[in-house]
Amino acid sequence: MKLTTRGHYSVKALLDLCFQPEYGPASVKAIALRQDLPAPYLEKLLIEMRRAKLVHSIRGAQGGYQLARHPAEISLGQILAAVGESVEPLSHHTPDDAQAEDWVAFSVWNRLYKKLQNALYSISLEDLYYDARSWRASQGEGASFVV
């Protein structure tokens, strides 16, 4: 599986929000600078994630975006679904009735898809946060956080 830019940037943005003190708000510009992302594109992704209730926006000078729930309650699968990512194999494919191999391949891909979906929804943003913190600690205090 390979994440598209949409999925990768979305995960980076929400992981960045995890590193905010008390999960406080961060501006699109600040997230974009820290993560080296294009701000206009990031804004569109955050709007999609706001619609999915993963983040909420706060207006004003000290506003920005912040997580709508604790990171343990947000899964990687939810983040990807919010921005339209799909790992669905062979969409709209119907196996050929005469080809047993076609049915076997179709069955294998469907099983893999189900396992991948389960894995994506079992990995929380909190899990990714602790992975990032561990990596950061292994790099020393001066390491900046970029996913």
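Predicted model: local features only at pLDDT ≥ 70, side-chain atom pairs only at ≥ 80, totals over all residues.
1. Salt bridges first: the structure has two of them. In one, arginine 6 pairs with glutamate 48, with the closest N and O atoms 2.5 Å apart. Arginine 6 sits in helix α1 and glutamate 48 in helix α3 (residues 39–51), so this pair ties together parts 42 residues apart in sequence. Both ends are partly exposed, arginine 6 at 26% relative accessible area and glutamate 48 at 21%.

2. Aspartate 16 and arginine 34 also meet through their side chains in a salt bridge, at 2.7 Å from N to O. That links distant parts of the chain, with aspartate 16 in helix α1 and arginine 34 in helix α2 (residues 28–35), 18 residues apart.

3. Now for helix α6 (residues 125–139): its 15 residues reach 21 Å from first C-alpha to last, close to the 21 Å expected. Leu125, Leu128, Tyr129 and Ala132 are its buried residues. Viewed down the axis of α6, they fall within an arc of 105 degrees, so they line one face of the helix. They pack against α1 (5–18), β2 (64–67) and α4 (76–82). On the face turned away from that buried side you'll find the exposed residues Asp131, Ala137 and Ser138. Just after α6, glycine 140 takes a positive phi of about 95 degrees.

4. Finally, Val104, Val108, Trp109 and Leu112 make a nonpolar surface patch of about 380 Å². Of these, valine 108 belongs to helix α5 (residues 100–122) and is partly exposed, at 42% relative accessible area.

Key. Residues numbered from 1 in each chain as written. Heavy atoms only, no water. Patch = residues over 30% accessible without salt bridge, like charges linked within 9 Å, V, L, I, M, F, W, Y side chains within 5 Å. Areas by Shrake-Rupley, 256 points an atom, 1.4 Å probe, with all protein chains shown as cover. Salt bridge = Lys/Arg side-chain N within 4 Å of Asp/Glu carboxyl O. Helix = DSSP H or I, 4+ residues; strand = E, 2+ residues; numbered from the N terminus. Buried < 20%, exposed > 50% of the residue type's maximum accessible area, 1.4 Å probe, protein only. Expected span 1.5 Å × (residues − 1). Arc of directions from axis to C-beta. Contact = heavy atoms within 4.5 Å.
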